[in-house]
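Good morning, and thank you for joining.

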Amino acid sequence: MKPAYQLPFMGLLLFSLIPSQLCKICEVNERVQFHLDPLLDTMIQPKHTNVANSANVLLSLRLAGIQNQNQTIIQELSQQVKNTVRRRGLDLSSGQLALIILALGACHTHDELFIVNQHLLGHLENKFEAELENMEEHDGNPLTNYYQLSLDVLALCLFNGTYSTTTVAKLFAPENKNYYLGGQFSVDTGAMAVLALTCVSQRSLKEQPKAYEEELESIENHIRSLVEKILSEKKENGLIGNTFSTGAAMQALFVSSRYYSEREWNCQETRNTILDKISQGAFSAPAAAAQILPALLGKTYLDVTKDSPCNSPIFIPLPTPAAPTHSPSLIPVLYSVKINKTFSINITVPSGSVFLDVMKEAQKENGTLFRFTVEQSEWGPYITSVQGLHANNNDRTYWAILSGGKPLSQGVGNYVVHKGDNLEVLWSKY
């Protein structure tokens, strides 16, 4: 065996020790676990636990090992996910199906039988192949995006699906354009790729290390480079990328601690900043709450198929009834659509309204200039068209949302507008 190959193998042995220590350092201890209550409340409120985000929430609760005395909430979420599969079937995107497999397969419950009986892994293998074929035909652009492709590979790897290690090694090269949006490295996409590549590396080392020596060396280099890119997006307060990408980044850094030194990331600082953000109500979207929770409890998506990832002293609180609200005041905002020309309108909405509410009011005022369509995703609604102009993955076009000329890290269904906001939807290319 070549010395160049022995290093990754020895690194893998160290991997089993170091990440667990790092997770314990970052893990929220019992004394301050009350800080997590707002996340749990967001995830289990009936108004939030709809079919669009039920898989995200179910995966997070199971992975974090959070118990519920009568399991009612977990069972309801599980049923919602299964109903989604029965209703939508092959209409699901590859990433949506991968997330469903991760959620139903977590913790070795009876839901694993549903994965087998519905042939979900086979369907995911076909969808992943369709993504690759689209990339061949459309200048390297997948049907969805690289975040979803990473979920595909991760689910196939964890549940012993079929994929080509050689293809994965080529696909996730760090210089690939699909890691970038508007020239900016996407932290959560890179982080999910690190998780997927780590799983592929572990599985290949276990099954056929000599057969994939060259691919494993490439994967090793990819992980190292992606970790460097993730850490380069670390802010002074410890956030990595932005508030909502930090959870995925934490998971990636947990499983890759041998690629960076202790001084390069202070995980306690990141954890404490996230706890502050929770207290400020930043994680009001169920998908955002679901993604950050496992990292705060020292878990990653690689724990999904471990023998006992599902033990925790935390219990799900009963949903708290919504407090009665008073009639909100009205606030003015400026809303613009920018394509080749700019179309603007002054809109008045109730305080507490989100970006999408402004778009709806503008459409009421002028159904030609401000007409739009949206689709639901696990992260809430996203814009698919404005003035009949549709976003297209093959053309790498999308509708960016901005406030005061700056791109927003929250979606149209989550960003709460403020008095005097200058809001824009901008036809963009990535």
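Which residue in strand 10 is the bridge partner of Ser-336? The partner is Glu-424. Before I build on that, a word on the source: this is a predicted model, in which local features need pLDDT of at least 70 and side-chain atom pairs count only at pLDDT 80 or more, while totals for chains, interfaces and linings use all residues. Residues are numbered from 1 along each chain as its sequence is written, and side-chain values use heavy atoms, with hydrogens and water left out.

Helices (H or I, at least four residues) and strands (E, at least two) are DSSP runs, numbered from the N terminus. Two strands pair if DSSP finds at least two bridges between them.

Let me begin with strand 3. Strands 3 and 4 form a hairpin, with 3 residues between them.

Next, an open sheet of 3 strands has the order 5-6-7, and its pairing is antiparallel. Strand 5 (372-377) and strand 7 (389-390) are the edge strands, each pairing on one side only. Strand 5 is joined to strand 6, residues 380-386, by 6 bridges, and Gln-376 stands opposite Pro-381 in strand 6.

I turn now to the helices. Helix 11 (residues 187-207) and helix 12 (residues 213-232) have axes that come within 9 Å and cross at roughly 155 degrees; axes are lines fitted to C-alpha atoms, for helices over the stretch in contact, and angles run from 0 to 180 degrees between N-to-C directions. Helix 11 is therefore roughly antiparallel to helix 12, given that angles under 35 degrees count as roughly parallel, over 145 as roughly antiparallel, 65 to 115 as roughly perpendicular and the rest as oblique. In contact here (heavy atoms within 4.5 Å) are residues including Leu-197 and Val-194 of helix 11, and Leu-226 and Ile-223 of helix 12.

Finally, helix 4 (residues 54-63) and helix 5 (residues 72-88) pack at an angle of about 140 degrees, their axes 9 Å apart. These two helices are therefore oblique to each other. Among the residues that meet are Leu-58 and Leu-61 in helix 4, and Leu-77 and Val-81 in helix 5.
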